[in-house]
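Subject: The structure we talked about

Hi,

Here is the structure I promised to pass on. Have a look at it first, and then read my notes below.

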Amino acid sequence: MGKKSKAEKKAKGKKKHDIDVHAQDLASVLVQAARSMRTVLSRNLLESGLYAGQDGVMLALAETDGLTAGVLAMKLGVKAPTMTRTIGRMEAQGFLERRADEEDARLTKVYLTDVGRNRLQIIADAGKTSEEMATKGLTEKQIKTLMKLLRAVDGNLQGTAVAE
């Protein structure tokens with residue numbers, strides 16, 4: 001008997017229940033997990049009066065208040081008309097307001113209102129609850145690895161991956 005090739009060793013090491021991972025399988029699992037996370041987060045946000053996607057606007061403004069609709073759209077990866085509609089709805093709900101920029105009156109900037117600021121803790125709590133549900137049964141190390149891998153996948157898809 002001669003030496004086994006790498007392929008033979010690899011085939012021997014495979015278990016019956018192992019399956020080949022195909023790109024469409026990965027895409028399907030990622031999309032479904034993202035949808036499920038968004039659904040759970042939306043459900044957890046119901047008491048705040050916020051709809052899906054509005055939490056991202058609130059968190060972006062909590063980080064840097066006084067952004068233009070265009071900057072918000074870019075930060076959140078949506079188109080400008082979508083952001084304009086979202087801002088209009090949130091303004092009607094009393095979560096934010098639009099004001100002319102003090103330095104350049106041609107620009108309109110978006111600011112959180114007191115009502116909006118008062119919802120930030122609810123948003124944080126809803127996010128934490130959703131994350132706890134999503135990571136139930138995973139170790140801290142597995143969660144860190146998952147986050148690192150998802151960031152790498154996102155970077156690859158956005159074309160911004162950095163070689164380590």
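**How the helices pack**

α3 passes α6 in a left-handed crossing. Please keep in mind as you read that this is a predicted model. The angle between α3 and α6 is about 110°, and their axes lie 10 Å apart. The two helices are therefore roughly perpendicular to each other, as angles from 65 to 115 degrees count as such. On the α3 side the contact is made by D55, M58, L59 and A62, and these meet G116, R119, L120 and I123 of α6. By type, the residues of this contact comprise 5 nonpolar, 1 polar and 2 charged.

Helix α3, which covers residues 54-63, also packs with helix α4, residues 69-76. Here the axes come within 10 Å and cross at roughly 115°. α3 and α4 are therefore roughly perpendicular to each other too. The crossing of α3 and α4 is right-handed, whereas that of α3 and α6 is left-handed. Which residues meet between α3 and α4? From α3 they are G56, V57, A60, L61 and E63, and from α4 they are L72, K75 and L76. The contact of α3 with α4 is made up of 5 nonpolar, 1 polar and 2 charged residues.

Next comes α4 with helix α5, which runs over residues 80-93. Their axes are 9 Å apart, at an angle of about 110°. That angle makes α4 roughly perpendicular to α5. The crossing is right-handed. A69, L72, A73 and L76 of α4 touch A80, M83, T84 and I87 of α5. In this contact 7 residues are nonpolar, 1 is polar and none is charged.

**Between the helices**

Is S48 buried or exposed? Its relative accessibility is 1%, and because buried means under 20%, S48 counts as buried. Leaving aside residues within four places in sequence, S48 is in contact with F95, R119 and I122. R119 also belongs to the contact of α3 with α6. The C-alpha atoms of S48 and A126 are 9.4 Å apart, although 78 residues separate the two along the chain.

I122 sits in helix α6, residues 114-134. With 24% relative accessibility, I122 counts as partly exposed. Not counting residues up to four places away in sequence, I122 touches E47 as well as S48. From the C-alpha of I122 to that of E47 the separation is 8.2 Å, while the two residues are 75 apart along the chain.

The other loop residue is V78, in the loop between α4 and α5. V78 has a relative accessible area of 34% and is partly exposed. Beyond residues up to four places away in sequence, V78 touches A73 and M83. G53 and V78 are 25 residues apart in sequence, with 9.9 Å between their C-alpha atoms.

In α5 you will find G88. G88 is partly exposed, at a relative accessible area of 23%. G88 and R98 are 10 residues apart in sequence and 9.0 Å apart in space, C-alpha to C-alpha.

**The chain as a whole**

Stepping back, the chain has 7 helices and 2 strands. Read from the N terminus, the order of elements is α-α-α-α-α-β-β-α-α. Of the 164 residues in the chain, 22% are buried. The accessible surface is about 12,400 Å², and carbon and sulfur atoms account for 56% of that surface. As for contacts between residues at least 6 apart in sequence, 49% join residues at least 24 apart.

Happy to go through any of this with you.

Best wishes

Methods:
Residues numbered from 1 in each chain as written. Predicted model: local features only at pLDDT ≥ 70, side-chain atom pairs only at ≥ 80, totals over all residues. Heavy atoms only, no water. Axes fitted to C-alpha atoms, helices over the stretch in contact; angles between N-to-C directions. Helix = DSSP H or I, 4+ residues; strand = E, 2+ residues; numbered from the N terminus. Parallel < 35°, antiparallel > 145°, perpendicular 65-115°, else oblique. Left-handed = near helix turned anticlockwise from the far one by under 90°. Contact = heavy atoms within 4.5 Å. Nonpolar A, V, L, I, M, F, W, Y, C, P; charged D, E, K, R; others polar. Buried < 20%, exposed > 50% of the residue type's maximum accessible area, 1.4 Å probe, protein only. Areas by Shrake-Rupley, 256 points an atom, 1.4 Å probe, with all protein chains shown as cover.
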